[in-house]
Protein chains: 2
Amino acid sequence: MTQVRTVDGRIAGRRGQETRARLLECLAELLAARSYRDVTVIDVARDAGTSPATFYQYFPDIEAAILELAADVVREAAELKELASERSWAGRAGTVSATELVNGLMDFWQEHDSILRVVDLAAAEGDKRFTKHRMRVLDAVHKALSSAIGELQKSGKVESDVPAAATAGALVTMLAASAAHPKTFESWAVKDKDLRAALIRLVSWGVTGKKPTP
Amino acid sequence: MTQVRTVDGRIAGRRGQETRARLLECLAELLAARSYRDVTVIDVARDAGTSPATFYQYFPDIEAAILELAADVVREAAELKELASERSWAGRAGTVSATELVNGLMDFWQEHDSILRVVDLAAAEGDKRFTKHRMRVLDAVHKALSSAIGELQKSGKVESDVPAAATAGALVTMLAASAAHPKTFESWAVKDKDLRAALIRLVSWGVTGKKPTP
DNA sequence: ACGTACTTGTGTCATACCGTCAGCTTATCT
DNA sequence: AGATAAGCTGACGGTATGACACAAGTACGT
């Protein structure tokens, strides 16, 4: 872990790091409770039992603090790797792989919902730091799916003109966006269970080019 | 068209409507140019050559004005209907349908990019007005895909246990999200052309359950 | 225990945005 | 022209921002 520094370059000690961590924690709570646009430095500081000036000692602005939270999510996203890599995609085992991947990614996204939606926006707005983080959250899964498709192509089970990286990207994007917009599916009267079933089917086929074994 | 009213209940005349429209126009420009969080009422008013007080005469706040812009996008989205309904999904015609749908929806999303990403965020944050708008933008396409799958199920060409509405929803979500995050695909070194090819393939199969005819 | 050097937190300030109001100007109708 | 309503703005109290100097707290050697 790199050393934690204050905005003016000093190295933070034990107490400082605690304060910093408390600020981040309160920011995360506020982001979960109200809209991104309405979260202010003053609110965060007040909730953390400190002053705005203290906040600015550790973060140049709110965005920087959110970026930090996003970095935590990226770190946690490493565990998603296991959901996708070293998996078999043949026959019934493939269906299991798809199911676990869909459930795992959806649950992860919903758990980190409040931060990931800000990451999504900032990335869409073209902020490179956030684009990078967003990419990294999805990267493990993307890489795994991508190489799974590549393997199947090598063994001739999937046509070689299928763009592997693009297909893997589209699938991962689909999963993330589906998790991010449960309300839209609600409006369509789609139950979570049915959504997951549909996603599993699409992922299975997207990777293998074959109907999933039930 | 319902009568345009000011916040204090008066009916806006010709000049007032022009001012209102100019404010919306400038707001749209600002949203395209800088981040959602940084767009202020003062900026909008200044760009429109008027005062902040005038802004508040027509909109209770920035969000309300954005909601208005979103409503315009919803109205324009009606044209997407033609990309999906009354289409054949069999054989080569199906591939054409999928291609036009993918291109149409992606282009639409990219054109209205700056507004739709705010709609996305607000919807994800649970704001019902924005959820409704987001749903409506995607609704025509969703309905069309949904009933296309339903038809194929009736004629026995697709298994009846496939959740039609959920599958259509997942596909539409995939298209919208893919359009919204070109940078992520860039990071994966996926070219736009390959992305579209992958999407076409996934949509084709998602609807018909069969490999697309080239 | 005491003093020193460093870290951490706060009060305050200039600036900018928010949202409202009274009142002035401009258009419309008779 | 006069009456009426629409349209616009300057000004204001309130609040958030971000910077700074300084005060309070902490660690450590003697």
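# Close-up views of a predicted model

View 1. Thr184(B) counts as buried, at 1% relative accessibility. Here buried means under 20% relative accessible area, exposed means over 50%, and partly exposed is anything in between (1.4 Å probe, protein chains only). What you're looking at is a predicted model, where local features need pLDDT of at least 70 and side-chain atom pairs count only at pLDDT 80 or more, while totals for chains, interfaces and linings use all residues. Residues are numbered from 1 along each chain as its sequence is written, chains are lettered from A and ligands numbered from 1 in the order in which they are written, and side-chain values use heavy atoms, with hydrogens and water left out. Thr184(B) sits in helix α10 (residues 182-187) of chain B; helices (H or I, at least four residues) and strands (E, at least two) are DSSP runs, numbered from the N terminus. Which residues does Thr184(B) touch, not counting those up to four places away in sequence? They are Thr131(A), Arg134(A) and Met135(A), with contact meaning heavy atoms within 4.5 Å.

**View 2. Charged partners in chain A.** Asp43(A) and Arg34(A) join their side chains in a salt bridge, 2.8 Å from N to O. The term covers a side-chain nitrogen of Lys or Arg within 4 Å of a carboxyl oxygen of Asp or Glu. Asp43(A) is buried, at 13% relative accessible area, and Arg34(A) is partly exposed, at 34%. Searching the whole structure turns up 26 salt bridges over all chains.

**View 3. A salt bridge between two helices of chain B.** Glu63(B) and Arg129(B) pair up through their side chains, with 3.5 Å from N to O. This pair ties together distant parts of the chain, 66 residues apart: Glu63(B) belongs to helix α4 (residues 62-77) and Arg129(B) to helix α8 (residues 128-154), both of chain B. Glu63(B) is partly exposed at 23% relative accessibility, and Arg129(B) is partly exposed too, with 40%.

View 4. Arg196(B) and Asp192(B) form a salt bridge whose closest N and O atoms are 3.1 Å apart. Arg196(B) is buried, with a relative accessible area of 13%, whereas Asp192(B) is partly exposed at 40%. Both are in helix α11 (residues 192-208) of chain B, 4 residues apart, or about one turn of the helix. Over in chain A, salt bridges with shared partners connect Arg34(A), Asp43(A) and Arg46(A) into one network.

**View 5. Aromatic rings, within a chain and across chains.** The rings of Phe55(A) and Tyr56(A) have centres 5.7 Å apart and planes at 80 degrees, so they make an edge-to-face pair. The rule takes rings of Phe, Tyr and Trp (its six-membered ring) with centres within 6.5 Å, calling planes under 30 degrees apart stacked, over 60 edge-to-face and the rest tilted. Phe55(A) is buried, at 0% relative accessible area, while Tyr56(A) is partly exposed, at 42%. How do the rings of Trp205(A) and Trp205(B) pair, stacked or edge-to-face? Their centres are 4.6 Å apart and their planes at 5 degrees, so they are stacked. That pair crosses between chains, running from helix α11 (residues 192-208) of chain A to helix α11 of chain B, and both Trp205(A) and Trp205(B) are buried. Back in chain A, Phe55(A), Tyr56(A) and Phe59(A) make up one aromatic cluster.

**View 6. Arginines over tyrosine rings.** Arg37(A) lies over the face of Tyr36(B), 4.9 Å from the ring centre. Arg37(B) likewise lies over the face of Tyr36(A), at 4.9 Å from the ring centre. To count, NZ of Lys or CZ of Arg must be within 6 Å of the ring centre and within 35 degrees of the ring normal.

**View 7. Inside the largest nonpolar core.** The largest nonpolar core has 150 residues, and Val203(A) and Val203(B) touch the most other members. Such a core is a set of buried Ala, Val, Leu, Ile, Met, Phe, Trp, Tyr and Cys residues joined through side-chain atoms within 4.5 Å. Apart from neighbours within four places in sequence, contacts of Val203(B) include Trp89(B), Leu101(B), Leu171(B) and Met174(B).

**View 8. Two loop residues with positive phi.** Glu86(A) is not a glycine, yet has a positive phi of about 60 degrees. Glu86(A) is in the loop between α5 (81-84) and α6 (91-111) of chain A, and is exposed, with a relative accessible area of 82%. Ala189(B), also not a glycine, has a positive phi near 60 degrees. Ala189(B) lies in the loop between α10 and α11 of chain B and is exposed at 65%.
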